[in-house]
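Please open the structure in the viewer and keep the selection tool at hand.

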Amino acid sequence: ITHDKVFIYITHMLLSAGIALILVRVAMSNLTPVPKGTQNLMEAYLNGVLQMCTDVMGKEKARKFIPLIATIGLFVGIANLIGVIPGFEAPTAFLEMPLTLALVVFVYYNYIGIKEQGVIKYFKHFLGPVWWLYWLMFPIEIVSHFSRLVSLSFRLFGNVKGDDMFLMVILMLAPWFLPMIPFALLSFMALLQAFIFMMLTTVYLGSAVAVEDH
């Protein structure tokens, strides 16, 4: 990418991280028993993420991994929404960011799986339930796990990039007040893509810590 693109990518990524940190800081600055304002918003978000994680991996594991999963969801959601603002470009529309996040998730869930299950038991899961198909199932499982990198990164990148291009066309063809419906739709899609990335991360972590003997 060009120097201009690098500058846009870095500044918008830092802006996304800064907004996320400010939201968390404001939410925690004046905690009250009856939440309101930003605290209420963040508590509702965390409760929703906790419930989603609990459904996938159980309450104990959900509480362990919610800091990572909720942070990814918040960061990606804000990064996606920035691209909806005219004059800004979503950092997730640059492949570098989705690919980096996908690599972090890939390395982390495999590390956790090995740590929780042990090397032998974790990779034994890759062999499948039938011993005479081990030779076939193992490479298939390896390819399947590496394909998750593509699934996580290119799904997010492709959808956000497409949304950015759609918004650009709409703004070129219509006055500022007419694209309100597309703005609302793109905002929804930005949050949806963040949810999908967060959900896939939860599923991959859940499968890594729930390996059972066949």
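A salt bridge is a side-chain nitrogen of Lys or Arg within 4 Å of a carboxyl oxygen of Asp or Glu. Please note that the structure shown is a predicted model.

Select Lys5 and Glu89. What is the distance between the closest N and O atoms of Glu89 and Lys5? The closest N and O atoms are 3.9 Å apart, and the two residues form a salt bridge. This pair links distant parts of the chain, since Lys5 belongs to helix 1 (residues 3-29) and Glu89 to the loop between helix 3 and helix 4, 84 residues apart. Glu89 is buried, because its relative accessible area is 18% and buried means under 20%. Lys5 has a relative accessibility of 32% and is therefore partly exposed. A search of the whole structure finds four salt bridges.

**Second stop: Glu116 and two lysines**

Side chains of opposite charge can pair when their charged atoms come close. Lys61 and Glu116 meet through their side chains in a salt bridge of 2.7 Å, N to O. Lys61 is in helix 3 and Glu116 in helix 4, so this pair ties together parts 55 residues apart in sequence. The side chains of Lys64 and Glu116 also form a salt bridge, with 2.7 Å from N to O. Here too helix 3 and helix 4 are joined, Lys64 lying in the former and Glu116 in the latter, so parts that are 52 residues apart in sequence are tied together. Glu116 counts as partly exposed at 30% relative accessibility, and Lys64 counts as partly exposed at 41%.

**Third stop: the whole protein**

The C-alpha atoms fill a box of roughly 65 × 45 × 30 Å along the principal axes. The protein has 214 residues, of which 37% count as buried. Among contacts with a separation of 6 or more, residues 24 or more positions apart account for 71%. The protein exposes about 12500 Å², and carbon and sulfur atoms supply 74% of that area.

Select residues 134-173, which make up helix 6. At 1.5 Å a residue, its 40 residues should span 58 Å, and the end C-alpha atoms are 57 Å apart, which agrees. Next, highlight its buried residues, among them His145, Arg148, Leu149, Leu152 and Asp163. Which helices do the buried residues of helix 6 pack against? They pack against helix 3, helix 4, helix 5 (119-124) and helix 7 (180-209).

Continue to Gln193, which is found in helix 7. Is Gln193 buried or exposed? At 6% relative accessibility, Gln193 counts as buried. Apart from its neighbours within four places in sequence, Gln193 is in contact with Asn80, Arg155, Leu156 and Asn159.

Show the side chains of Phe, Tyr and Trp. A search of the whole structure finds 10 aromatic pairs. One of them joins Tyr122 and Phe123: the ring centres are 5.3 Å apart and the planes lie at 80 degrees, so the pair is edge-to-face. Tyr122 is buried, with a relative accessible area of 2%, whereas Phe123 is partly exposed, with 29%. Phe154 and Phe157 also form an edge-to-face pair, with 6.5 Å centre to centre and 90 degrees between the planes. Both residues lie in helix 6, three residues apart, or about one turn of the helix. Phe154 is partly exposed at 43% relative accessible area, and Phe157 is partly exposed at 22%. Select Phe106, Tyr109, Phe146 and Tyr204 as well: ring pairs link these four residues into a cluster.

**Last stop: a patch on the surface**

Finally, switch to a surface view and select Leu15, Ile19, Ile85 and Phe88. These residues form a nonpolar patch on the surface, and together they have about 310 Å² of accessible area. Phe88 is situated in the loop between helix 3 (59-82) and helix 4 (96-117). With a relative accessible area of 39%, Phe88 is partly exposed.

Notes
Residues numbered from 1 in each chain as written. Predicted model: local features only at pLDDT ≥ 70, side-chain atom pairs only at ≥ 80, totals over all residues. Heavy atoms only, no water. Patch = residues over 30% accessible without salt bridge, like charges linked within 9 Å, V, L, I, M, F, W, Y side chains within 5 Å. Areas by Shrake-Rupley, 256 points an atom, 1.4 Å probe, with all protein chains shown as cover. Helix = DSSP H or I, 4+ residues; strand = E, 2+ residues; numbered from the N terminus. Buried < 20%, exposed > 50% of the residue type's maximum accessible area, 1.4 Å probe, protein only. Expected span 1.5 Å × (residues − 1). Contact = heavy atoms within 4.5 Å. Phe/Tyr/Trp six-rings, centres within 6.5 Å; stacked < 30°, edge-to-face > 60°.
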